[in-house]
Amino acid sequence: MRKLLKTMRKRKVLSSFLLFTLLVVGAASGYAAFLMNKWNHALDQIAAPIVPAANEIHTSDYPVSQTSQTSDTIEKEEKPLTLLLTAIDERSGSEGSLNTDVMMLFRVDPVTHQGTVVSIPRDLEVSAEKSGLETSHKANYFYAYNYNKNKETALDETKQLFSRIYQVPIDHMAVINFDGFRKLIDQLGGMMVDVDMDMKYQDESDGTNINLKKGMQRLNGKQVLDFIRYRKSNLGTAESSDLERNQREQFVLNELLDKLTSVNGVTAWGKVLDIMGSSIKTDIPADELRTLTKSYLDYKPANVQYIHLDGTWESPYVVVKQQDLEEALEALRGQTDSLNDSSIDSSIDSYLQTD
C-alpha cells in the first residue's frame, strides 16, 4: 500500500511538472503568435496601400530606385537602401500645413550593416528650375504640396522629386506624425538629453508650449519633440538655427534606434507596434516591407554615420556650400567610403557643437 501511494505521488509530481511545462510552452507560443499578429497588423498599416495601375508614377526622367531594378528577393535583401525619412505636424490647430519639419536621407547597407544619415535643412532652397514649379520653395514644402494634389501618390511624388533634385536614387519615403513620435518616446520611458540651451516658446494657435532648461535631464515624448523643433522664442530665450535643429534630430534618431533595439517584453513590444502602425506611413508594399524588416533586424545604431551640413542663413533660405552638399550626396550614393572631417560629426557626442 505504501509503495502504491509513493508511486501515485511520483506520478502526480510528474503530471504537475508536465502540465506546468505545457502551460509555459503554450503561453510562450501564445505570446509569439500575439506578437506576430501585432507585427503583421502594424506592417499592413505602415505599408503602401494597393492602388490601381493607372495611379503608377512614370520615373524615366530621374534615377531608378535601387530596389525596383530587380524583382529577385535575394538581390533586394542585399542591395543598399535609401530612404527619405520625414516628420509632419498633424495636430489639431496646426492649420493642416503638413510641412515636413524633419527631413533626413538615410542610406543603409544590409550586408555591412552600415548607415549614412544626411539631415536636409527644412529651409534649404529648391529652385523653380529644379522643382519644375513656377517659383522657388523651401525643401519642407513639397510633401504638403503633393499631398494636397493627391494624397495617395504624395509619398511617391515627393520621393521622385528629391531623387531628381539631388541625383540620389531614393528607394522609399516614410512619414511619421509628431503625435505618434511623442507616444513612442513615452512608451520607451523617455530619453536622456543634454539640452544645449534654455528654450521657451508659446503659440496658442496650435497649443505649442516649449519650456526647457539647459542641462542633462530625462525628457518625456512631448519635451523631446519640443527639443528637436525649437527654432525661435517669444519669451526671451536665444533663437536656434535650422542647422542646430538638424544636429538635435540626428542625436534623437540615434537614441531612438538604440532604445528600439533594447525593447523587451511582449506587452512593451505590443504597444510599440500599435504606436508605429498608427503613426508611420510609407510607400513600401507590404510584402517588400516584411522582407526588408527581416534584413535589418541586426542593424546597430553605432554603425550610423551622421553628416552635418554647415550653412548660413540668407533670408528666407539656408544656404549650404555646394562642395559640402555634393560630398554628402556622394556618401548617400555609396561613391565614397569617407568624407572630409569637416563635414562629419565623428561622434554623436558632438551633435550640439556649433561653428
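**Cavities and a helix pair**

Tutor: In this predicted model, the lining of the largest cavity comprises three nonpolar, five polar and no charged residues.

Student: Which element supplies the largest share of the lining of the largest cavity?

Tutor: The largest cavity, with a volume of about 40 Å³, is lined by Ser-119, Leu-243, Asn-246, Gln-247, Gln-250, Ile-307, His-308 and Leu-309. Helix α8 spans residues 242-260, and the element that gives the largest share of this lining, with four residues, is α8.

Student: How do the residues lining the second largest cavity divide by class?

Tutor: This cavity holds about 30 Å³ of space, and β1, β2, α4 and α5 each supply at least two residues of its lining. Among the lining residues are Leu-84, Met-103, Phe-142 and Phe-162, together with Thr-86, Thr-100, Asn-140 and Thr-158. The division by class is seven nonpolar, four polar and no charged.

Student: Are α6 and α8 parallel or oblique to each other?

Tutor: Helix α6, residues 178-187, packs against α8 at an angle of about 50 degrees, with the axes 11 Å apart. Angles of 65 to 115 degrees count as roughly perpendicular and those under 35 degrees as roughly parallel. The relation of α6 to α8 is therefore oblique.

Student: What classes of residue make up the contact of α6 with α8?

Tutor: In a left-handed crossing of α6 past α8, Phe-181, Leu-184 and Ile-185 of α6 meet Val-252, Leu-256 and Leu-260 of α8. By class, the residues of this contact are six nonpolar, no polar and no charged.

Note on methods: Residues are numbered from 1 along each chain as its sequence is written. This is a predicted model: local features need pLDDT of at least 70, side-chain atom pairs count only at pLDDT 80 or more; totals for chains, interfaces and linings use all residues. Side-chain values use heavy atoms; hydrogens and water are left out. Axes are lines fitted to C-alpha atoms, for helices over the stretch in contact, and angles run from 0 to 180 degrees between N-to-C directions. Angles under 35 degrees count as roughly parallel, over 145 as roughly antiparallel, 65 to 115 as roughly perpendicular and the rest as oblique. A crossing is left-handed if the near helix is turned anticlockwise from the far one by less than a right angle, and right-handed if clockwise. Contact means heavy atoms within 4.5 Å. Ala, Val, Leu, Ile, Met, Phe, Trp, Tyr, Cys and Pro count as nonpolar, Asp, Glu, Lys and Arg as charged, and the others, Gly among them, as polar. On a 1 Å grid over the protein atoms alone, a cavity is a set of points where a 1.4 Å probe fits but cannot get out, and a pocket is an open set with protein on both sides within 12 Å along at least five of seven lines; lining residues have an atom within 4 Å of a point. Grid points are joined across faces, edges and corners, and a volume is the space filled by probe spheres set on the points.
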